[in-house]
Amino acid sequence: QVQLVESGGGLVQGGGSLRLSCAASGLAFSVYTMGWFRQAPGKEREFVGQILWSGSITEYADSVKGRSTISRDNAKSTVYLQMNSLKPEDTAVYYCAARISTSTRWNYWGQGTQVTVSS
């Protein structure tokens, strides 16, 4: 059974930083591309960024580019999202997801972790 468990969310003041973690189990983590998404209240889920299975390539949404870094530790089956200079508009539930690198469909999703940024 595949599980993706996010952690690290919380309440942070604008301008602050958070590091989210996503621990994976039940899958061959090192062959999966891992992604981060978020969904704010009343809005559709949006792509935040992703990291290739090898960690060699990352991609970010314009809304977080330059403020966020995705990394992974394949030995720990964990992917991270470091977010800096947080803004109130970053407030959302953040989800991690996994997909086979040759597919465009995200196969597995976590339950999400809430990030709230105060102004």
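Trainee: How many helices and strands does the secondary structure of the protein have?
Mentor: This is a predicted model, in which local features need pLDDT of at least 70, side-chain atom pairs count only at pLDDT 80 or more, and totals for chains, interfaces and linings use all residues. Residues are numbered from 1 along each chain as its sequence is written, and side-chain values use heavy atoms, with hydrogens and water left out. Helices (H or I, at least four residues) and strands (E, at least two) are DSSP runs, numbered from the N terminus. By that rule the protein has zero helices and 11 strands.

Trainee: What share of the residues of the protein count as buried?
Mentor: Buried means under 20% relative accessible area, exposed over 50%, and partly exposed in between (1.4 Å probe, protein chains only). Of the 119 residues, the buried share is 44%.

Trainee: Which residues form a disulfide?
Mentor: A disulfide is a pair of cysteine sulfur atoms within 2.5 Å. A search of the whole structure finds one. Its sulfur atoms are 1.9 Å apart, and they belong to Cys-22 and Cys-96.

Trainee: How many residues apart in sequence are the parts that Cys-22 and Cys-96 tie together?
Mentor: The disulfide joins Cys-22 and Cys-96. Cys-22 lies in strand 3 (residues 18-25) and Cys-96 in strand 9 (residues 92-100), so the parts tied together are apart in sequence by 74 residues.

Trainee: Is the disulfide of Cys-22 and Cys-96 right-handed or left-handed?
Mentor: Cys-22 is buried, with a relative accessible area of 0%, and Cys-96 is buried with a relative accessible area of 0%. The torsion about their S-S bond is about 45 degrees, so the disulfide is right-handed.

Trainee: Leaving aside its neighbours within four places in sequence, which residues is Ser-68 in contact with?
Mentor: Ser-68 is found in strand 7 (residues 68-73). Ser-68 is buried, with a relative accessible area of 8%. Contact means heavy atoms within 4.5 Å. Beyond the neighbours within four places in sequence, the contacts of Ser-68 are Tyr-60, Leu-81, Gln-82 and Met-83.
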